[in-house]
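Open the model in your viewer and keep the selection tool at hand. We will go from stop to stop, picking what to select next and saying what is there.

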Amino acid sequence: MSATDPNESPAIELINVSRRFITPDGKSMTAIRDFNMSVARGEFVAVVGPTGCGKSTTLNLVTGLASPSSGEVRLFGGPVNGIDPRIGFAFQTDALFPWRSVIDNVVAGPLFRGKPREEAYAKGREWLARVHLTGHESKYPHQLSGGMRKRVSLAQTFINEPQILLMDEPFSALDVQTRVVMHDVLLDLWSEAKASVVFVTHDLEEAIALADKVYVLTSGPATVKSVYPVHLPRPRIVSEIRYQEDFIALSKTIWDDLRDEVTRGAARDEARAA
Amino acid sequence: MTDTAITSGAIFRAGTSDAEIEAAAAKAARHRKHMVLFWRWAILAAILGGWEIASRTAIIDEFFFSSPSAIYERLVEWITEGTSEGPLWFHLWVTMEESLIGFATGSIAGIVVGIALGRNRMLADIFSIYIKVINSIPRVVLAPIFIMIFGLGLASKVALSFVMVFFVVFANAFQGVREADRNLMANAQILGAKGWQLTRSVVIPSAMSWIFASLHVSFGFAIVGAIVGEFVGARYGVGLLINIAKGSFDAAGMYAAIVIIMVVALAAEYLMTWVESSLATWRPAPLQDH
């Protein structure tokens, strides 16, 4: 169907994907099983699930850092061959280069990709302005607060103009106030860039506030349990949206669904630890 | 609202204004610095004084242990009149030349091989056994072999310095590459870094602090290599001075040579620290009060 016309095919498709690992003691472990997901162009998808269920694995399959054991991953209708230049990735932990200044961190992508220096730096300053960090160009990451480092990371990712943005619990290390500010920054950047986003999180409210569609995963091996569309109007102001009735109702519905998996995942972890 | 009332109405106890506590903290820091300096000099004076008295009162035998004053006289004599084997500066220069060449070649080779093996698991697995075997050889026993192969001149001492330095730097560079943050590697790859770019922009910088740690130690090792080589067979160098002093039962001469080596090694250590701190401006300042 849509796969015949590459201009119409979804940005990301995972079709019956499974991924197995060999654990350090030589055993085979299934992280995700029969996983199906489709992200349309410009769509913001959030993925929630219990801890350790394989959420990050799904992202690694899309980046090409890992390949599926079975099934198929398609980007814009084509297969994944190595690391795709159209992809941007936001990491959970700090992934800035500590030995580079703020501006040198931001221009890393364009320079790796062979852009001329002046062009890269001009663009870098533009992106720093967009994340409100003008004047901090020559500082090093350790001199910045956690929220500022995250904004540098976002600039570093967005400067490559990714058509697909993968985010692996990017704000989980931030305090609650900073996180809300970052949500608005992210939605702002996203509405301009119109990239397709997969946002992995364990925070259900964060997922609903940001996304068009929320995927709930089962406890490992991960597979899609259910998909909830979020019909909250955009542009959204994340700090206020959480008090709306629709938001609360939806969050309750999804939580009822997710709770079983969380308890099951926790029980399994305890059994494993015992 | 109550908070603002409290802060705006805050009255500090007398003698605890900002300026006063800052001045007190600065004074305490100065005091501490003076204490450290005082004790450093005091301990040095106590050791040298004790040594001098012990050898003058014949508690220790001056023939074997010499005395600080005799060592000082020997140093002055060497510096002003030169040694029995020619000017001191020439010997010192020969030793430094050997150590510096050995240090430079050994550390460059160590870094290159360390990074190459660190980046390639297969090569690392194949060569690790050989490196362990060679590393288990006490370096000093190589001195006679190198002198036999390379002769009494510069080359044999450089070779010995090289092997002293190489393994230390190699081990650290290798470990540093292995410890490179996987997230940073993944980030660089997704941002578009390929092959050599990845090595240059992530692997080498993250191994750098490991490599520097090894360079600190290995300059001392380079000097050891040069001096042991000279000791076993040479025409010039500080090691030769020690050997000649030993042959003529000149204890003061041996200690004087040791003092010279100590001064050189200490100067090199300070130089290395300075180079490292001016290269690694990106690192957070350590929480210390220098």
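Leaving aside neighbours within four places in sequence, which residues is A:Val198 in contact with? Select A:Val198 and then A:Ile12, A:Val39, A:Val45, A:Val47, A:Leu59, A:Val62, A:Leu166 and A:Met167, because these are its contacts once those sequence neighbours, within four places, are set aside. Keep in mind on the way that this is a predicted model.

**The core around this stop**

A:Val198 belongs to the largest nonpolar core, which has 132 residues. Highlight A:Val45, A:Val198, A:Phe199, A:Ala211, A:Val214 and B:Ala173: these members touch the most others in that core. As background, nonpolar side chains in soluble globular proteins tend to be buried together.

**Helix 1 of chain A**

Next, select residues 55–63 of chain A, which form helix 1. Most of this helix is covered, with seven of its nine residues buried. To color the buried ones, pick A:Lys55, A:Thr57, A:Thr58, A:Leu59, A:Leu61, A:Val62 and A:Thr63. Two of these, A:Leu59 and A:Val62, you have already met as contacts of A:Val198. Step one residue past the helix and you reach A:Gly64, where phi is positive, near 90 degrees.

**A pair of helices in chain A**

Now show helix 5 (residues 146–158) and helix 6 (residues 176–193) of chain A together. How do the two run relative to each other, roughly parallel or roughly antiparallel? Their axes come within 10 Å and cross at roughly 15 degrees, so helix 5 and helix 6 of chain A are roughly parallel. The crossing of helix 5 of chain A with helix 6 of chain A is right-handed.

For the residues that meet, display these two groups:

- From helix 5 of chain A, take A:Gly146, A:Gly147, A:Lys150, A:Arg151, A:Leu154 and A:Phe158.
- From helix 6 of chain A, take A:Thr178, A:Val181, A:Met182, A:Val185, A:Leu186, A:Leu189 and A:Ala193.

Colored by class, this contact shows eight nonpolar, three polar and two charged residues.

**Backbone stops in chain A**

Most residues other than glycine have a negative phi, and most peptide bonds are trans.

- Go to A:Lys194, in the loop between helix 6 and strand 8 (196–201) of chain A. Its phi is positive, near 55 degrees, and A:Lys194 counts as exposed because it has 10 C-beta neighbours inside 10 Å.
- Go to A:Phe76, in the loop between strand 4 (70–75) and strand 5 (78–79) of chain A. Here phi is near 50 degrees, again a positive value. With 18 other C-beta atoms within 10 Å, A:Phe76 is partly exposed.
- Go to A:Pro235, in the loop between strand 10 (224–229) and helix 8 (238–241) of chain A. The peptide bond that joins A:Arg234 to A:Pro235 is cis, with omega near -5 degrees.

**Where the chains touch**

Bring both chains into view. How many residues does each chain put into the contact? Chain A gives 19 residues and chain B gives 14. On the chain B side, helix 9 (182–191) and helix 10 each supply at least two residues. Helix 9 of chain B gives the most, with seven. By class, the chain B side has nine nonpolar, five polar and no charged residues.

**Helix 11 of chain B**

Select residues 238–247 of chain B for helix 11. Its buried residues are B:Val238, B:Gly239, B:Leu240, B:Leu241, B:Ile242 and B:Ala245. They pack against helix 5 (88–119), helix 10 (195–232) and helix 12 (251–279) of chain B.

Keep helix 12 of chain B on screen. Helix 11 and helix 12 of chain B pack at about 160 degrees with axes 8 Å apart, so the two are roughly antiparallel. Helix 11 of chain B passes helix 12 of chain B in a left-handed crossing. On the helix 11 side, B:Val238, B:Leu241, B:Ile242, B:Ala245 and B:Lys246 make the contact. On the helix 12 side, look for B:Gly253, B:Met254, B:Ala257, B:Ile260 and B:Ile261. The residues of this contact divide into eight nonpolar, one polar and one charged. After helix 11 of chain B comes B:Phe249, with a positive phi near 50 degrees.

**Last stop**

Finish at B:Ala24 in helix 2 (residues 18–56) of chain B. B:Ala24 is exposed, with 12 other C-beta atoms within 10 Å.

Conventions: Residues are numbered from 1 along each chain as its sequence is written. Chains are lettered from A and ligands numbered from 1 in the order in which they are written. This is a predicted model: local features need pLDDT of at least 70, side-chain atom pairs count only at pLDDT 80 or more; totals for chains, interfaces and linings use all residues. A residue is buried if 20 or more other C-beta atoms lie within 10 Å of its own, exposed if 12 or fewer, and partly exposed in between; C-beta atoms are placed from the backbone. Helices (H or I, at least four residues) and strands (E, at least two) are DSSP runs, numbered from the N terminus. Two residues are in contact if their C-beta atoms, placed from the backbone, lie within 7 Å. Axes are lines fitted to C-alpha atoms, for helices over the stretch in contact, and angles run from 0 to 180 degrees between N-to-C directions. Angles under 35 degrees count as roughly parallel, over 145 as roughly antiparallel, 65 to 115 as roughly perpendicular and the rest as oblique. A crossing is left-handed if the near helix is turned anticlockwise from the far one by less than a right angle, and right-handed if clockwise. Ala, Val, Leu, Ile, Met, Phe, Trp, Tyr, Cys and Pro count as nonpolar, Asp, Glu, Lys and Arg as charged, and the others, Gly among them, as polar. A nonpolar core is a set of buried Ala, Val, Leu, Ile, Met, Phe, Trp, Tyr and Cys residues joined through C-beta atoms within 7 Å.
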